[in-house]
Amino acid sequence: MNSKEVLARQTRTVTIGDLKIGAGHKIAVQSMCATRTQDLEATERQIQLLEKHGADVIRIAVDSKKDVEALGVLRKNTNARLVVDLQESYRLVEKVTPFVQKIRYNPGHLHHHQKNVPVFDKVKFIVEHAGQHSCAVRIGVNFGSLDPASREAEGKGVDPKEVALRSVEQHLEFMDKLDFKNFVVSLKSSNPNDVIDINEIFAERYPEIPLHLGVTEAGMLPMGEIKTRIAFENLIRRGIGDTIRVSLTLPFDEKYQEIIIGRKILSDIAEGRFRSVPRFEQEGLNIISCPSCSRVENEAFIELAEKVKELTTSLQDENITIAVMGCRVNGPGETDDADLGLWCAPNHVNLKKKSKLLGAFSYDEILPRILAELKEMTGRDDILDAA
Ligand code: SF4
């Protein structure tokens with residue numbers, strides 16, 4: 001970071017190990033290991049690469065007891081500040097808090113397991129264990145994975161931003177009841193304009209609560225950086241944002257670019273170098289792709305995302321959104337708003353056209369099928385030549 005540091009607004013302080021965020025502290029930059037957590041060699045290497053490039057906090061996915069065991073081994077070999085995303089397995093919090101400095105939970109994922117246990121009790125369980133080990137907590141709401149009640153409200157025409165805010169507000173009430181203050185909130189969407197709007201509203205309503213910023217599934221370079229930059233420039237220059245992540249679809253060995261690009265954006269904002277237009281122009285082709293994580297079941301996902309980008313080179317003026325997701329867990333929900341949605345399994349790729357499931361295709365079959373769908377949607381025959 002250069003001499004003019006970007007300072008956050010005066011929220012309360014949140015402590016992540018020896019790192020303090022909010023309340024005017026430096027904005028922290030986070031990234032995530034995309035490797036399988038149990039692949040110790042690969043994950044350790046990824047932690048080292050991210051640390052070497054200046055990651056303040058490194059996220060690791062933990063979905064099973066075996067992942068927890070792996071996390072214990074990784075912990076012994078690194079001093080990095082680690083954060084675990086609990087996904088659906090909220091009870092694992094008990095096992096992971098001794099090893100990490102921060103826990104993330106998604107309110108939308110607390111409805112999958114133990115449906116008869118009230119969500120408040122689940123949050124209480126998470127917060128009690130986080131508190132015992134001085135871990136910070138992130139309440140991470142994603143537009144693509146809202147809880148069932150929020151989805152129902154959305155289906156009835158309530159503005160998705162209002163729905164996401166209601167979801168997080170319910171959890172703020174929980175935190176109040178539990179008297180837990182060491183938490184941050186994130187409100188993420190793949191649409192930078194939604195990220196700007198919802199974080200502005202939240203910051204105005206709750207000026208004391210630190211915010212983690214990100215455009216989820218921002219996709220591949222260069223568009224992934226552009227989308228993120230637009231959101232961050234709009235928010236951070238107004239003092240909104242206390243930690244950031246740039247979520248990019250990258251080969252595993254290049255994940256550290258998320259840190260480099262995040263720091264560059266912060267540095268540019270600090271120097272008053274704004275590169276983007278004030279808002280994201282929605283016109284034209286929009287490819288959304290997830291940044292991948294240990295849930296990716298076939299690394300061919302990253303290559304597939306690149307091939308979809310190549311295939312659509314000549315379609316830049318077409319108003320089509322294509323979403324390419326790395327796993328079967330979040331893929332179906334995260335592709336809901338796309339014209340064509342793909343999510344990857346070990347040996348096949350699921351394809352959805354709007355809300356209609358077209359089927360499962362092998363990795364060899366999927367591109368020709370996408371091509372056929374694109375030809376039908378656009379009435380154009382020149383797509384293959386351009387690809
Ligand atoms: S869609 Fe799946 S693979 Fe991609 S980041 Fe989300 S959980 Fe990980």
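Hi everyone, let's start with the overall layout: the chain is divided into domain 1 (14–270) and domain 2 (286–386), with bounds that come from an automatic or database domain assignment. Residues are numbered from 1 along each chain as its sequence is written. Please keep in mind that this is a predicted model, where local features need pLDDT of at least 70 and side-chain atom pairs count only at pLDDT 80 or more, while totals for chains, interfaces and linings use all residues.

The C-alpha centres of the two domains lie 26 Å apart. Where they touch, 18 residues of domain 1 are in contact with 18 residues of domain 2, contact being C-beta atoms, placed from the backbone, within 7 Å. The domain 1 side has 8 nonpolar, 8 polar and 2 charged residues. Here Ala, Val, Leu, Ile, Met, Phe, Trp, Tyr, Cys and Pro count as nonpolar, Asp, Glu, Lys and Arg as charged, and the others, Gly among them, as polar.

Now for a helix pair. Helices are DSSP runs (H or I, at least four residues), numbered from the N terminus. The axes of α7 (residues 192–205) and α8 (residues 223–236) come within 8 Å and cross at roughly 20°; axes are lines fitted to C-alpha atoms over the stretch in contact, with angles from 0 to 180 degrees between N-to-C directions. The two are therefore roughly parallel, the term for angles under 35 degrees. On the α7 side, P192, V195, I196 and N199 meet K227, I230, A231, N234 and L235 of α8. Those residues divide into 6 nonpolar, 2 polar and 1 charged.

Note on methods. Parallel < 35°, antiparallel > 145°, perpendicular 65-115°, else oblique. Contact = placed C-beta atoms within 7 Å.
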